[in-house]
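Trainee: I would like to learn how to read the features of a protein model, one at a time. Could you take me through some of them slowly?

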Amino acid sequence: MESILATLLFISLEIPYLSGVVIGGFLSFVLFTKTEKKVTDYMLACWLTVSTIMLLSIYLLKSGLYLQHPVLSIQGLWMPLAQGPFLYLYIKYQTRPIPFQKIDLLHFLPFILGYLLFSQFYWLSFEDKVNVLKNGSMGFETENRWRIVLIYLSGVIYIPLSFYKLLLFRKNLKYRFSNIEKVNFLWLLYLVAGMAAIWIIVLIFHKDHLVFSASVIYVWWMGYFGIKQVNVFSQKHIEDANLANYTEIVNREEQPSENSPYPPKYAKSLLEPDAANRIYVKLQIVLEQQKPYLNPELTLNDLAAMVDTHPNLLSQVINSVIEKNFYELINELRVKEFLQRMTLPANKKYTLLTIAYDCGFNSKASFNRNFKKYTGKSPQQYLKTDL
């Protein structure tokens, strides 16, 4: 009977860790073998791999198998140092799809330092390695204290930093997209919240089984949403790979005069009023002749390419000269197009929503909200009183 209870206890404690190892390893394999991988695919695959190694290490320690595999068992000690950087960089490249920047590897310096702190462990004999693990890192007490400090600091730094990155992304949506309803980033917020929950458990409860169980659930969650919703955007990317050209473009302009029409946010802009006026005139021509706002997936990048200027410069002109953001400008033009088409006899046979979709809106909610903002009435009220 006691042996049965012991077996059941082993299953209840160890199998969850093992399931996390299996699922994490499988999901990372799926991502690594995926065709047409993006930066975020590689990022998530590496993140899942690190998390899988951490859970495997925990499993070996909890099951007693560290007696046979001490080197593999110790790997999980510093894997938490990579969690924060992976979270932050994953969010960074999901919300700003650009080529990987090598300077971001500096975020993993604490992770590398963790390895260096325990480098002497690898030179010990097999028996000494086992004794170190048996006696709670005996002989590495100082290194272990530094490891814990670095882990706490990593959570304190990277969780708020990741949250701030998401808030900044949300704030700038209307400066880059003409339709924002299908820009799904809430699941990234859940990733930040999940990581924060784990760190709270670490800081408050100090219970290993709670921390490790939460980590297993987090791996399941991360893998599910990362593979199911690996892209934040259902439309085109918010950024392109040509941001390096921005310096070259603005360096050709002079400092604005004291009478510059730009608001304080552009006080340090290098874009001269004459250059802004040229962009503005070309923008008006493109909007009138090509009607790019009819494209429901139009982005600032798309429009900037048509105007033959950099997105940052075009955004500045829209905000400063037209005194609207990109989202407001494009959707106001869509409403005007809708009102014009509603007067055509040939369109009487179509529903309001059909015409709205033809004008560039991608949802009923977006159409109603922007229509009321522009006219002060709902579409139905407008039709009754003004048409």
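This is a predicted model: local features need pLDDT of at least 70, side-chain atom pairs count only at pLDDT 80 or more; totals for chains, interfaces and linings use all residues.

Trainee: Let us begin with helices; how are two packed helices described, and at what angle do α11 and α12 pack?

Mentor: Two packed helices are described by the angle between their axes together with the distance between those axes. Here helix α11 (residues 273-289) packs against helix α12 (residues 300-307) at an angle of about 105°, and their axes are 9 Å apart. Because angles from 65 to 115 degrees count as roughly perpendicular, α11 is roughly perpendicular to α12. From α11 the contact involves Ile279, Lys282, Leu283, Val286 and Leu287, while α12 contributes Leu303, Met306 and Val307. Sorted by class, this contact has seven nonpolar residues, no polar ones and one charged residue.

Trainee: How should I read a pair of aromatic rings, and how many aromatic pairs does a search of the whole structure find?

Mentor: A pair of aromatic rings is described by the distance of the centres and the angle of the planes. The search of the whole structure finds 16 aromatic pairs. One of them joins Phe371 and Tyr382 in an edge-to-face arrangement, with 5.4 Å from centre to centre and 85° between the planes. Phe371 belongs to helix α16 and Tyr382 to helix α17, eleven residues apart, and both residues are buried. Elsewhere, ring pairs link Trp78, Phe111, Tyr115, Phe118, Phe121, Tyr122 and Phe140 into a cluster.

Trainee: Which residues are linked with Glu337 in a network of salt bridges?

Mentor: A salt bridge is read from the distance between a side-chain nitrogen of Lys or Arg and a carboxyl oxygen of Asp or Glu. In this model, Lys291, Glu337 and Arg341 are linked in such a network. The Lys291 and Glu337 side chains meet at 3.3 Å, N to O; Lys291 lies in the loop between α11 and α12 and Glu337 in helix α14, so the pair ties together parts that are 46 residues apart in sequence. Arg341 meets Glu337 at 2.9 Å, and these two both lie in helix α14, about one turn apart.

Trainee: Is Glu337 buried or exposed?

Mentor: Glu337 is buried, its relative accessible area being 5%, whereas Lys291 is partly exposed at 28%.

Trainee: Finally, which residues does Pro110 touch, not counting residues up to four places away in sequence?

Mentor: Pro110, which sits in helix α5, touches Leu81 and Leu150 on that count.

Key
Residues are numbered from 1 along each chain as its sequence is written. Side-chain values use heavy atoms; hydrogens and water are left out. Helices (H or I, at least four residues) and strands (E, at least two) are DSSP runs, numbered from the N terminus. Contact means heavy atoms within 4.5 Å. Axes are lines fitted to C-alpha atoms, for helices over the stretch in contact, and angles run from 0 to 180 degrees between N-to-C directions. Angles under 35 degrees count as roughly parallel, over 145 as roughly antiparallel, 65 to 115 as roughly perpendicular and the rest as oblique. Ala, Val, Leu, Ile, Met, Phe, Trp, Tyr, Cys and Pro count as nonpolar, Asp, Glu, Lys and Arg as charged, and the others, Gly among them, as polar. Rings of Phe, Tyr and Trp (its six-membered ring) pair if their centres lie within 6.5 Å; planes under 30 degrees apart count as stacked, over 60 as edge-to-face and the rest as tilted. Buried means under 20% relative accessible area, exposed over 50%, partly exposed in between (1.4 Å probe, protein chains only). A salt bridge is a side-chain nitrogen of Lys or Arg within 4 Å of a carboxyl oxygen of Asp or Glu.
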